Each structure stands twice: as C-alpha cells, then as structure tokens.
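Start with the view below.

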Amino acid sequence: MPFRLLIPLGLLCALLPLHHGAPGPDGTAPDPAHYRERVKAMFYHAYDSYLENALPFDELRPLTCDGHDTWGSFSLTLIDALDTLLILGNVSEFQRVVEVLQDNVDFDIDVNASVFETNIRVVGGLLSAHLLSKKAGIKVEAGWPCSGPLLRMAEEAARKLLPAFQTPTGMPYGTVNLLHGVNPGETPVTCTAGIGTFIVEFATLSSLTGDPVFEDVARVALMRLWESRSDIGLVGNHIDVLTGKWVAQDAGIGAGVDSYFEYLVKGAILLQDKKLMAMFLEYNKAIRNYTRFDDWYLWVQMYKGTVSMPVFQSLEAYWPGLQSLIGDIDNAMRTFLNYYTVWKQFGGLPEFYNIPQGYTVEKREGYPLRPELIESAMYLYRATGDPTLLELGRDAVESIEKISKVECGFATIKDLRDHKLDNRMESFFLAETMKYLYLLFDPTNFIHNNGSTFDAVITPYGECILGAGGYIFNTEAHPIDPAALHCCRRLKEEQWEVEDLMREFYSLKRNRSRFQKKTVSLRPWEPPAEPGTFSSPEEQAREEPPAKQKIPLLSCPSQPFTSKLALLGQVFLDSS
C-alpha cells in the first residue's frame, strides 16, 4: 500500500492583530512600504539592544539584557548584521562598525570554534562587507576589491579553519581550535552540511586573494560527499571524516544536510560550473523519487529509500527558494504553501512537525526566529509577484512582534504552543530573518538590481564591472557579487601574456592611448596544491606551468554564466 499523508482539516491561523498594511476584505496585498518600515524598526530594536547590552559578546540574551559568547567570541552579531545595515541604507553605521571590527576582532585566540558556523557567519560576513565597502562610501585602498582590511580579516579567519580539512578523506572535522588546530581526540563525525558548505565563501576568497588552497579544499570536500552517495543517489546525515563511513543514514533535505544541496546550486551559479549543477540535478531526481510525498519531503533510509521520519523540519523551508533558482517554480510554490499552512497553524515554524499527525514533535516545539520560509518567500515573490508571498511576510512581522518582542530585543520562542520564550537571540535573526523580510518588501533595493546600473572599477588586472546585480546569498544571507570573482581571479596564462605585453611596452617606450603608464602589480605564478594537500614553496617551484593559451589581453572577462545569474528570482539557461 503506498504511503499517503493525512493532513488534518481545519488548520487555524494564529489570531494576530492586523495593521493597516494587511489585506482587507477586497483582497488587497499588504502595503510593502508599511511593512518595510515595520521591519526596519524591528531590526533596530534588536540591533540597538545588542549594542547596549551584549557587545562585545557574540550574541544578546534578551530576557536578562546581557550577552554571551556562542560560536567563538568574535562579536558575532556585529559581523552578521553588517551587510544588513547597508541593505537598510545605514551607511554611517556600516562605516563605524567596519572600524570597530578592524580594531577589536582577533582570531588568534585559544577558542574551539565550529568550522561550519565560522565560515558562513564570519568569513561570509566579512567577504560580503568587503565587497560592499565602496558602495557604503568607505575609501577603499588601491587594488580593491583584490585587497582590503576586511578581505584580510576574512582570509585570516579562513586560514584558521584549514587544519580541519587535513584528513584522509579531505572532509573536514566539525570543530577546530583557532590557536592550536584540531584538538587531539576531536570527534571525526561531521554532518553533511558541515562538509559541503564552503564552496561559496572559499571560492570567493581564492578568487579575490589569488590563493587556490581555499577553493581546492572546498571542492575536494564536495566531491568526497558525492562519491559517498548511496546506490539510489542519496546521502546520509553524518559521516566519519577519517573513514568515509556513514554514521547516520537518514536522508532528507533538512537539518544536517540542507546547505550542502544549497551550495551545489549557488556554487554552480557563482562559478559557472556545470558539474556542480549536474550533481545537484542528480540529487534532485533521487530526492523527488524517494523523499517527496504530496509536495512534502520526508526523511528516508539512504540505502533503501524507506521512510524513517515522516516529519517536516523548519530548516527545510529553504527548499522552495532553492527550487526557484533552478526554475522549478510550480513545485516550489506547492511546497511553500504546505509550509505556510504550518506557519498559520502556530504563528511560526516549529523545529519538527509530524506531518501525518499535523502537530509538533515533543521537545521540538520551538521557533528560534529562523529565516528559511521568509527566504523562500523572497525568492518566489521576485519570480512570481504572487501576493500570497507578501502575506507570509506580513504574518511573520505580526507573529514575531506579538510573541517574541521583549524590552531587550527579540527572544527565541521556546514553545509555539504556549509562547514560552528562551533567553537567546541568534545572530542570524539580524543577518537573515530581518534581511529577507526587508528585501521581500523592498522591490527597488540595490540587491534586486537587474543590471540597469553598475560601477566600473579599475583593478590591477584592468577594468571590472561590479554592483550589477545577481548577488548570491551564502547560507547566512551574506550577499556575494559574482562579478567580483572576475576582477581578481585571472588565469595564470593571462598573467604571462600581460607580463610579455608590459615588457614589450616598456622596451618600445611608446605611448599608446589604451595603456596607462604605471606598473601593474602581478602575483607570481603558484601552482595549486593537490586536492587535500598543502604544497611547500620548494614543491611549487618544481612544478611546470601549463602551456599558454591565447586569451584577450587586459580585458575584464564577460559574464556568460553557464547557468546565468539568478535575476528576479529566475535562472536563465543558455539556449545552446
């Protein structure tokens, strides 16, 4: 007998007061301008509370109006909120915080840090802020975006994570000590997302700095997961990074796995990488074949495909947004509407929701103000303009303000059934939840640029176009400008061509209008390390460079992205 879901009738919307921006009897959509201002006020209530009560700690404890360190002692909320400030238009505070971070954040500390969280929150946040610095009115140094203080901080933080990747499989440990590396006796069991969520940040870092080691280790980790999938095309939840054996064999799209799939798609778009997209599409087939039932996604045994947990996890709500990035709008909307019924039942998404029973799972009744459903609404609204998606944004604003707002910020909802609160405000509330809500209601924000405006900047490699749109959000909602990767990431063959050109230029001593008389600073050629290894300078010196290719000189490469950029929530595929 086939498995069927029994969805309970009569799911009731939470009884929340509606403001004048909510839809009326005539069905008019929420007023974006009204809710945009509401979201901005919510952000500053939380942000100011952090500054007044919790800085320099990582996060705010809103019930006791103090702070605590959670992920490493980096003033994490300040880093996570930085690009949100600019998206809300606060240039002066962005500039102030950049100075504070440069003066006070130190990664040379004896702290055990999550490799995954440090990457997505700290490295991702610093990279995004670095790439937005010029737009924020900061006087950038010569060579930007290929250099800059925030980029150097991001590189320093990422280098502290590299020892975690030195395993027999190339898959990283989950925790690393920032001063001493991987602790002896550290558990080798890491979740799938903790292995496959580096390519966006690390490839960006390699492209901006010219050091291939970051992208190399991220790609090796991705490939090892791909090679470890089951015969039916699924991956489990936790794996031993020393042996490559699966420890938890539940397969799904939610907690422990989620951002691995996300980064295959976003990495494919960011890097014009057909292989990454092909990997995701193969996974997508298996996911639809074995885990999808009536537009819900369940957990199954990775080798047999049998249902192991018929639950919806709140972290899975990113999936409709990801579907929109590959153009699968119809399936995305159907799944989104399923998730939205859960929100309307409780006024938020419980961490676990038993689908057949239509209710929360014991000890998983909380809602820590996660962004994933709002994130999907933002993507889908850009693609469809469906007012239902604005209604979700309205409901989120009303729910969070009614249930979670306290004197010192917004508190995690410990139990959606009785609205008990917990003494924590995660940094992602400012980095993601508020950002996606604001962008949902702000159709003209620079993040949504369709290419009609842009900035031309001069780099050591020639002119480059930035700010034209198509931003790729990392899994902590830090936007990365894909064009920036082409400003600094020059093929080594091109560097040799440029060097030959400059020698010819100076030997002939001619003035040609298309060249400026200035020294171009070029990185010496360094061959990339073998996957999972770190070559010494002596070993690099013995490597032979590849044969030269004829490539146009001193020109910023065009951007015929293989999957194109995700503009207005759509992916435009090549017609060829």
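Helices (H or I, at least four residues) and strands (E, at least two) are DSSP runs, numbered from the N terminus. Pro56 sits in the loop between helix 1 and strand 1 (59-61). The model is predicted: local features need pLDDT of at least 70, side-chain atom pairs count only at pLDDT 80 or more, and totals for chains, interfaces and linings use all residues. Residues are numbered from 1 along each chain as its sequence is written, and side-chain values use heavy atoms, with hydrogens and water left out.

**Cis bonds.** Most residues other than glycine have a negative phi, and most peptide bonds are trans. The bond from Leu55 to Pro56 is cis, with omega near 10 degrees. The bond from Trp144 to Pro145 is also cis, with omega near 10 degrees. Pro145 lies in the loop between helix 4 (115-132) and helix 5 (149-161).

Ser75 is buried (under 20% relative accessible area; exposed is over 50%, partly exposed in between; 1.4 Å probe, protein chains only), at 10%. His419 is partly exposed, at 34%.

**Helix pair.** Which residues of helix 1 meet helix 14? They are Pro32, Tyr35, Arg38, Val39 and Met42. Contact means heavy atoms within 4.5 Å. On helix 14, the partners include Leu390, Arg394 and Val397. The contact residues divide into seven nonpolar, no polar and four charged. Here Ala, Val, Leu, Ile, Met, Phe, Trp, Tyr, Cys and Pro count as nonpolar, Asp, Glu, Lys and Arg as charged, and the others, Gly among them, as polar.
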